[in-house]
Amino acid sequence: GYTAPEVFLDPNQNGPLADIYSVGVILHQLLTGIDPAGSRTPPTVPTGNLRLDAIWRKATSASPSQRYASVAEMGQALDA
C-alpha cells in the first residue's frame, strides 16, 4: 500500500519520487486512519482539510512527474 505505482512495473524506478509517494500515503493514513495494506492505487478519501488534501494528493499522484520534486518542497507545503 505504500509502494509507488511505477515501482510495481519496474523496481528500478525506486528513488526520491517513490519515497515522496510513500510519505503521501502515510500522511493520508495519519489523517484518515485508513490502512492502505494491499492497495496498489493511490488513496482517494478526502480528509476534510482542503490544504492537506492537496498535499497528499500531489504526493500520491500516479504520475511521478506530478509529485513534489523533493521532500524539502513537500515540507515547505506542509509548513505553509
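Modeller: With terms: contact means heavy atoms within 4.5 Å, and helices are DSSP runs (H or I, at least four residues) numbered from the N terminus. This is a predicted model: local features need pLDDT of at least 70, side-chain atom pairs count only at pLDDT 80 or more, and totals for chains, interfaces and linings use all residues. Residues are numbered from 1 along each chain as its sequence is written, and side-chain values use heavy atoms, leaving out hydrogens and water.

Colleague: What do the buried residues of helix 3 pack against?

Modeller: In helix 3 (residues 50-59), D53, I55, W56 and A59 are buried (under 20% relative accessible area; exposed is over 50%, partly exposed in between; 1.4 Å probe, protein chains only). Down the helix 3 axis they fall within an arc of 160° (directions from axis to C-beta atoms), so they line one face. L50 and R51, on the other side, are exposed. The buried residues pack against helix 2 and helix 4.

Colleague: How is helix 2 oriented to helix 4?

Modeller: Helix 2 (residues 16-32) and helix 4 (residues 71-79) pack at about 30°, axes 10 Å apart. Angles under 35 degrees count as roughly parallel. So helix 2 is, to helix 4, roughly parallel.

Colleague: Which residues of helix 4 make the contact?

Modeller: Helix 2 brings I20, V23, G24 and L27 to the contact. From helix 4 come V71, M74 and L78.

Colleague: Is P36 buried or exposed?

Modeller: P36 sits in the loop between helix 2 and helix 3. Leaving aside residues up to four places away in sequence, P36 touches G1, Y2, V25 and Q29. Its relative accessibility is 12%, so P36 counts as buried.

Methods
Axes are lines fitted to C-alpha atoms, for helices over the stretch in contact, and angles run from 0 to 180 degrees between N-to-C directions. Helices (H or I, at least four residues) and strands (E, at least two) are DSSP runs, numbered from the N terminus. Angles under 35 degrees count as roughly parallel, over 145 as roughly antiparallel, 65 to 115 as roughly perpendicular and the rest as oblique.
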